[in-house]
Amino acid sequence: MAKVIEGLYYAESHEYVKVEGNYGYIGITDYAQSQLGNVVYVDMPEVDDEVTAGEEFGAVESVKAASDLFSPVSGTVVEVNEALEDEPELINKDAFENWIIKVELSDKSELDNLMDAKAYEEICK
Amino acid sequence: MNRTYYGKLIFELSRPGRVGYSLPKCEFEAYKLESLDGTLLRQTATLLPEVDELTVVRHYTNMSNNNFGVDTGFYPLGSCTMKYNPKLNEELCQLPGFNQHPITPARYAQGSLKLYDEVQKTLAEIAGLSRFTLNPYAGAHGELTGLMVIRQYHISRGDTKRIKIIVPDSAHGTNPASAAVCGLQIVEVKSTADGTVDVEDLRPLLGPDIAGMMMTNPNTLGLFETKIPEIARLVHECGGLMYYDGANLNPMLGVCRPGDMGFDVMHINLHKTFSTPHGGGGPGSGPVGVRQGLEQFLPNPQVINNGDGTYRLQCDENSLGYISFFLGNFGIIIRAYAYLLSLGKENIPMAGKLSVLNANYIKESLRSHYKLPIDVECKHEFVFDGLREEYGGDHHDPEHVTTLDVAKRLLDYGFHAPTIYFPLLFHEAMMIEPTETESKETLDDFIAVMKRIAEEAKADPALLKSAPHDTPVRRMDDVKAVKEPKFTYKAL
Amino acid sequence: MYKYFPHTADDIQQMLDVIGVRSLDELYAEIPEEIKLHGELNLPAEKSEEEVRHIIHDLAAQNKPLVCFAGAGSYDHYTPSVVPYLAGRSEFSTSYTPYQAEISQGTLQYIFEYQTLMADLTGMDISNASMYDGSTATAEAMMMCVGAAKRRNRVLISSTIQPAVMAVCRTYAKFHGVELVEVAEKDGVMDKEAARLLIEEDNAAGLIVCQPNRYGIIEDFTGLADLCHEHKTLLAINTVASALAVLKSPGEWGADIACGDAQSLGIPMGYGGPYIGYLCTKEALVRKMPGRLVGATTDADNRRTFVLTMQAREQHIRREKATSNICTAQGFMCLYVACYLSLMGPKGMREVNEQSYASAHYLHDALLETGKFEEVFDAPFLNEFTLRVKGDAKALREALADKGYLLGVPTLFKEDCLTIASTERRTKKEITDMVELIKTIAL
């Protein structure tokens, strides 16, 4: 059974946002990494790029699949998780610990459109 | 096939000073390449190997012994139509008379131009369409060219809003990829439970922004889309054109033609339907045919029959443009012509019918052991969804025997594996296409082996999980290949 | 019964019984009658092997062989007999894309060798497993530039590129939504000042240049890569493959992408195909690269083996998001190139270029000496050059064709010029005989 963490916001496309003040850490859920298998590459945006809720910002690649990443929220990328460049498999080890991008949120009300842990757990069944 | 792994690379056989060629003594001693300005010349030495002729011959011969081809054994690779490649074709494509420079004046290349025109005419008759270009180099290149024809047609009418193309969810990945290269947006139409296009899902998608719809018929499950007349009518009513992906043309030969089904544009894979060799992935050839009224949009240059026994090259200003260096893979076109001439009107339809017979025979013989997700008569190919539950194929069980395991075990028995994990509609897809050139004995052997593998899966799943055992090399580390990428000898 | 169909009447009956239908036609029962073909195809009847052989020999005989002094993307180089002999081995030719790596090491190894050889010749890190031809490979390079850039869809292309390559790039650009901008030429080479101004607009994803160019001239790209990189523009150089052995390589010029046709590596002219396009790049751009890639790995017994890899870029997984729609690796032609380069080695490749250079320069001077030609450009060339004909160039070319010589190709936009090539295959006698003939033709 895939892990789901309380207090995070979840998108139907299996990304999460962990909010700290005006910033959000975006990554893929444990369920998503379990479906993908061995992650071999993460295609990330650059710092200062804009991301828009519901739009693509990168991709995760396993040996025999590739999956686009959709941003659950809008904002500006302030940091990318550079550790994933050398060790993309960190996502398999702990998807929630190893976020992909850190975004300065431009509209916190967008969080209301996302699911909580309980609702997300339902769609993973 | 030799089961001892050879595995050497030519670079490892190199010894300084050895040569494998001979050239005549230069007759123009006064002219020296070194007199060119040094800034224009290469400074770094190449790593080209230095080997003698016999070393090269043994090297590639040993390598070939670790390779499996249609001439080696049964190759039931679904959607690839791995039929026998006649040897006469190979002989004829090498005639020195065909080895001309492409920009030879047309009056000195009349034989080649006539051959081109004969092949395009024959394909037009088989397809029920008006005219073919043979310029596209491959199936995907044909798809792209065909979609360009559709866009060019709309643009020529000043209708620039048609930027979307409808593609069934069961389609091969190449369809949406070709559409994207052509600048079209993809709209997916769903399949019904019986595996064919859902007409009710299609209706609301149709509108003034639709350039057309791509289909293959029979579809990727090997099922004939019986609603095709209605689908074609709906798409035409909304102003779109129908594109036929000829990947699955083989079973339809002489029975039901794409033009008669209502398609306007199509490509044919000469390397599937018309017996030219697959060559380890290419070169292929992907001729594109069109209905009357669309001929002018085909790519340049076009070969035109003057009607008096002579032929010319022509560039049409309404054409979509050039998509190839010249007239496509001419050497492949010669091979296909030899095949078309050999078979003639009697045997072209037989190829299709026997391919359907062979596929249904395997399907009916193996359904006791493998899951048949859609139980209707198939055409030239069909899809199993892995082993049946009683043979360990329950994919809800994490320890289940997978399609990959079955495929790898088949290699031990001297068969190529089917296409696996395609189409994406099923979890454990295994797509089998025997083609018409395989005998009943070969099919019976294959059926017996497939049943034996199912029994093995039940009795000793570990045997399959670690297969293959009797091949030159064993299962490979795919993850390592991506994570520690090494694409050249230098990187090893 | 037919030679390619093994089914006896008895076999067919037994198989129909297993399926539970009465006839072959019943296998098509679900197809609506109104779209079925009623009656037979309007095609000739089946033919025996001898009849087919006769028809196709007859067509080949209707072509007239010409002594080739033409290039423009297709060159008449020598092919060692071993190359077609080995490439013809059916274990290679009758196989498909090497999906089942355990029984496809032959294909995978020669593609790996091909990748190594092309990456080495171009001076780049990696090569894909090949493309259709040089023109489509260049169009793919163009789309790769756009795919690798963020929010740029303009690509610059030198107007000195081969016309056939330019034409294909234009078609792909039109449909793919690439703004393809031609960089003007000056004195037969790309106008570097015009290129600089365009690059400094800071909106070009890539710049594509050609070596040698459509006039045969060897261009000097000094400083170009730095300028491109300052403005986040990728530099792609299209080179005639054979010339890579002696001319400064794309890697040495600082290019990001090397592309072109490898026909000149021993592949017959074959009336335009099959040829093979090559596409090489730097390791950092691997995920933006179209086409198949073979990589080294190990098997369960820890032996060095080879597999198709980086497939997540490709159409069968990524569908419309793929780097390209291409599924082909011109395996058969990769094998041709690998065998050719193995036999020729570093010494042979140098010698081929030296001889082609020498014979082209001899021809160039001999043509000028006839007094019927004049120089157009004062620029260095390798084995192809452009001359102005003092008179009707087309008529001269046609007259020579009647006598068995193919003298160059008409130079696009310069109606009175011919672009002429020679290779190591042309003998002094062939050249002298043709030159003597030219002297007798009134212009």
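These legends go with close-up views of a predicted model.

**View 1. A helix from chain B packs against a helix from chain C.**
Two packed helices are described by the angle between their axes and the distance between the axes. Angles over 145 degrees would count as roughly antiparallel and 65 to 115 as roughly perpendicular, so α3(B) and α2(C) are oblique to each other.

**View 2. Zooming in on who meets whom between α3(B) and α2(C).**
On the α3(B) side you'll find Gly111(B), Lys114(B) and Leu115(B). They meet Leu59(C), Ala60(C) and Ala61(C) from α2(C). Sort the residues of this contact by type and you get four nonpolar, one polar and one charged.

**View 3. Six strands make an open sheet in chain A.**
Follow the strands across in the order β1-β2-β3-β9-β8-β5, with antiparallel pairing. At the edges are β1 (9-10) and β5 (50-51), each of which pairs on one side only. Inside this sheet, β2 (residues 15-20) and β3 (residues 23-28) of chain A run antiparallel and are joined by six bridges.

**View 4. A hairpin in chain B.**
Strands β8 (residues 302-305) and β9 (residues 311-314) of chain B run antiparallel, with four bridges joining them. Asn305(B) stands opposite Tyr311(B) in β9(B). Five residues lie between the two strands, and in that turn Gly307(B) has a positive phi of about 85 degrees.

Terms used
Residues are numbered from 1 along each chain as its sequence is written. Chains are lettered from A and ligands numbered from 1 in the order in which they are written. This is a predicted model: local features need pLDDT of at least 70, side-chain atom pairs count only at pLDDT 80 or more; totals for chains, interfaces and linings use all residues. Axes are lines fitted to C-alpha atoms, for helices over the stretch in contact, and angles run from 0 to 180 degrees between N-to-C directions. Angles under 35 degrees count as roughly parallel, over 145 as roughly antiparallel, 65 to 115 as roughly perpendicular and the rest as oblique. Two residues are in contact if their C-beta atoms, placed from the backbone, lie within 7 Å. Ala, Val, Leu, Ile, Met, Phe, Trp, Tyr, Cys and Pro count as nonpolar, Asp, Glu, Lys and Arg as charged, and the others, Gly among them, as polar. Two strands pair if DSSP finds at least two bridges between them.
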